[in-house]
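This note sets out several points for a colleague who is meeting the structure for the first time. Please read the points alongside the model.

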Amino acid sequence: MAAEVTLPSASTMADILNAVSVGLIVVDQDQNVAFWNGWIEKHSGIAAAEAVGKRIDEAFSEAPGKTFLNAISNLLQYRLPVVLSNALHRAPLPLFAKPGDPVSKERLHQSITLSPLVINDQGCCLIQVTDATTSIKREKILRSHSELLRKEATTDGLTGIYNRRFFDEHFKIALGNSHRQNTSLSVFMVDIDFFKEYNDHYGHVAGDKTLIQVAATLRRQLMRASDVVARFGGEEFVLMLPNMAEDAAYRFAEKLRLAIWELNIPHEKSRLDQRISISVGFSHYQKMENTNPSELLNTADHALYEAKHRGRNQTCFMALPPHPNRTSYAAS
């Protein structure tokens, strides 16, 4: 035979409710406070004796948020539970880690659940408040960690610009958008002239500093959020600019070359003018029947090779080759 369960007395139950690490408030049909537990006392700095009997909007040192008060009104009217997520409502109530401490004025982050309750045949509202500060901090740490991992995955560790992986992924997207929307796309391949000789003469530490300076200078030439510059590998960089007219692409390529030339970084082993220079190869895509967009990057690379072959410190343009299947391309 099962043992008879003895329910705790009202005073014992009050002790239990005051000891839990959750804020508990009960308001009656008229929104007057009927119960105010120890956790709420601790974090509001207001004793239960002072709060009980007052309207909920007058019980705290500051009026609660309108969303919170509206939630109580709706619950008492429609008898449906309400959850106030801390993602949208961080601190509806004036609750603090150390109430009264002038140094600790920041409110606790709160998760609040409102539930319908019946006491003595009267509809009431049970308000449960939990401290969400720890979970918010954990969320910030996870978000920061996630952002760091994302940055490491897409950013070149030395120069701080995008890496080859990022460029490869976004180049495919940009090329697809250009084809669908009938807009242009220009790609520029950049290589630092005689950089092996620079490293051999000045050392790799100086070489790294020069790579950082060149990357920063190339990035400063970009004017729009859609423009991309990335480290392609070693001393090679790639830039991708959508919606640029072909004649503007010519001017931009020369702008890149001059920007690096005017840095006037000494390079005694250069066979040009004893300073750092770059060669630039570029190509341009505009949706047409007889061009092959998939060859845009390769064509820009061939143009770079040609610029170096012609003597370096110059820009070279190459047009896209004809598409191998004009009929199927035009219909795609």
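1. The backbone oxygen of Asp30 lies 3.1 Å from a polar atom of the Arg55 side chain. The pair falls under the rule for a polar contact, namely N or O atoms within 3.5 Å, where within protein one must be able to donate a hydrogen and the other to accept it, and residues adjacent in sequence count only if both atoms are side-chain atoms.

2. The model is predicted: local features need pLDDT of at least 70 and side-chain atom pairs count only at pLDDT 80 or more, while totals for chains, interfaces and linings use all residues. Residues are numbered from 1 along each chain as its sequence is written, and side-chain values use heavy atoms, with hydrogens and water left out.

3. Arg55 sits in the loop between α3 (48–51) and α4 (56–59); helices (H or I, at least four residues) and strands (E, at least two) are DSSP runs numbered from the N terminus. Beyond its neighbours within four places in sequence, Arg55 is in contact with Asp30, Gln31 and Asn32, contact being heavy atoms within 4.5 Å. Arg55 and Val33 are 22 residues apart in sequence, yet 6.0 Å apart in space, C-alpha to C-alpha.

4. Arg55 is partly exposed because its relative accessible area is 33%, between the limits for buried (under 20%) and exposed (over 50%), with a 1.4 Å probe and protein chains only.

5. Strand β1 (residues 23–27) is mostly covered, with 5 of its 5 residues buried. Gly23, Ile25 and Val27 lie on one side, and Leu24 and Val26 on the other.

6. Which strands pair with β1 in the antiparallel sense? Strand β5 (residues 122–131) does so over 5 bridges, and strand β2 (residues 33–36) over 3 bridges; two strands pair if DSSP finds at least two bridges between them. Val27 has Cys125 of β5 as its bridge partner, whereas Val26 stands opposite Phe35 in β2.

7. The hairpin of β1 and β2 has 5 residues between the strands, and Gln31 takes a positive phi near 65° there. Gln31 is also one of the contacts of Arg55.

8. Thr130 belongs to strand β5. This residue is partly exposed, since its relative accessible area is 32%. Not counting residues up to four places away in sequence, Thr130 touches Val22, His109, Gln110 and Ser111. Thr130 and Ile112 are 18 residues apart in sequence and 6.6 Å apart in space, C-alpha to C-alpha.
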